[in-house]
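Dear colleague,

Please find below the structure I wished to pass on to you, with its sequence. My notes on one residue and the sheet around it follow.

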Amino acid sequence: ITMEDIPGYLRCASVVMKGKRKTVDTFVESVVETDERLIGKEGELTGFFGVYGGFAGSLGSSIMKETLRSRLVATEEYCSEHGKGMASGLRTALLGAQQDVYAGWRSHGVQHGVHSCVVLLRDGKVLASNAGGGSAVICRADGVVGLLTESGPRMDEAEDFKIMSYGLDWEDEFIILGCHSFWSKLDPTRAVQMARSTLRKYRDVKYVAQKLAVASQHAGAPGNIAVTIVLLNAGCAFGTEETGAMESPGLLEKQFTLQSWSRSDMSSELDSESSYPSSVMSNKSSLRLSRKRVTRVPKAPAAFSRDRVATPDVSLAKTSAKTSAKTSAKTSAKTS
């Protein structure tokens with residue numbers, strides 16, 4: 001059994017919602033493919049997911065969407081069966097896409113920055129890289145929340161790119177990728193809880209993505225919103241399969257580790273494992289992107305506004321007084 005045999009593996013949905021800005025400067029990219037060069041080997045099914053949010057314009061984010069994945073596929077490390085090789089290829093592609101952004105600046109005469117969040121999945125491994133305010137989180141077994149990326153300088157400002165690695169377990173449920181605007185008003189714990197409960201009720205990935213985008217917008221997200229949700233195990237995510245029911249010794253090792261590579265340590269051995277850091281567990285206070293929940297005070301109805309109560313219609317009051325006086329006079333005359 002491989003990851004490809006898990007029901008609903010890599011089923012995904014994305015939503016881009018226009019915010020208060022005049023133009024849409026946020027883009028998403030979701031590609032699930034079978035690499036013909038890896039047929040018959042582990043990890044032939046590959047998922048690539050990216051969320052790109054513009055800064056001061058859409059030039060940088062649009063260039064990222066056009067060039068990043070094509071640069072990744074062109075690297076020799078893309079076909080590597082080892083996490084270290086794939087991480088090296090992803091880092092090379094990010095550095096190349098950064099140069100493409102700079103070239104776009106020179107040719108167009110404008111400098112539009114970009115927040116990027118990228119997740120690559122193959123053979124039970126997750127590679128994630130974030131530059132800017134975006135982020136990716138994972139819902140593990142029983143709703144435990146893990147933060148897959150760290151916030152840092154924007155794509156156009158970064159000197160190097162850190163690649164985080166995570167070993168999947170077959171009970172992991174789904175991953176959420178969001179742009180910087182999406183996470184500015186919706187913390188990871190709340191987003192995962194909302195997505196998990198909605199998946200179990202409706203079993204509709206697209207509806208979950210839409211609900212998350214609307215929730216962020218209603219909470220006061222300032223700009224355009226982009227969010228992608230990727231299923232890892234539909235049975236666990238929908239609540240139709242009991243946790244721990246799948247038992248296959250040869251499927252995956254329960255790694256629960258988080259590793260990172262940058263330029264300084266890319267040559268280090270991948271075999272060294274560390275315990276899953278407490279900073280990415282389901283402790284809301286330890287999540288780096290946690291935000292206070294914004295309580296929106298509803299506006300008073302127009303019929304009960306303060307101005308109308310404080311300043312009654314004087315002309316209407318005078319008319320009512322005259323009418324009452326005439327009625328009283330007529331009644332007295334009839335009685336006489």
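A residue is called buried here when its relative accessible area is under 20%, and exposed when that value is over 50%. The model is a predicted one. Ile 225 has a relative accessible area of 0%, and is therefore classed as buried.

Ile 225 belongs to strand 10, which covers residues 225-231. Leaving aside residues up to four places away in sequence, Ile 225 touches Val 15, Val 16, Met 17, Cys 179, Ser 181, Phe 182, Ala 213, Ser 216 and Gln 217. Val 214 lies eleven residues from Ile 225 in sequence, and their C-alpha atoms are 8.9 Å apart.

As to the sheet, five strands form an open arrangement in the order 1-10-9-6-7, with antiparallel pairing. Its edges are strand 1 (12-17) and strand 7 (145-147), each of which pairs on one side only. On average, neighbouring strands of this sheet are turned by 15 degrees against each other, direction ignored.

Strand 10 and strand 9 (residues 174-178) run antiparallel and are joined by five bridges. Across this pair, Ile 176 stands opposite Ile 229 of strand 10.

Finally, helix 4 (residues 188-202) lies across strand 6 (135-139), strand 7, strand 9 and strand 10. Relative to strand 9, helix 4 runs at about 130 degrees.

With kind regards

Methods:
Residues are numbered from 1 along each chain as its sequence is written. This is a predicted model: local features need pLDDT of at least 70, side-chain atom pairs count only at pLDDT 80 or more; totals for chains, interfaces and linings use all residues. Side-chain values use heavy atoms; hydrogens and water are left out. Helices (H or I, at least four residues) and strands (E, at least two) are DSSP runs, numbered from the N terminus. Buried means under 20% relative accessible area, exposed over 50%, partly exposed in between (1.4 Å probe, protein chains only). Contact means heavy atoms within 4.5 Å. Two strands pair if DSSP finds at least two bridges between them. Axes are lines fitted to C-alpha atoms, for helices over the stretch in contact, and angles run from 0 to 180 degrees between N-to-C directions.
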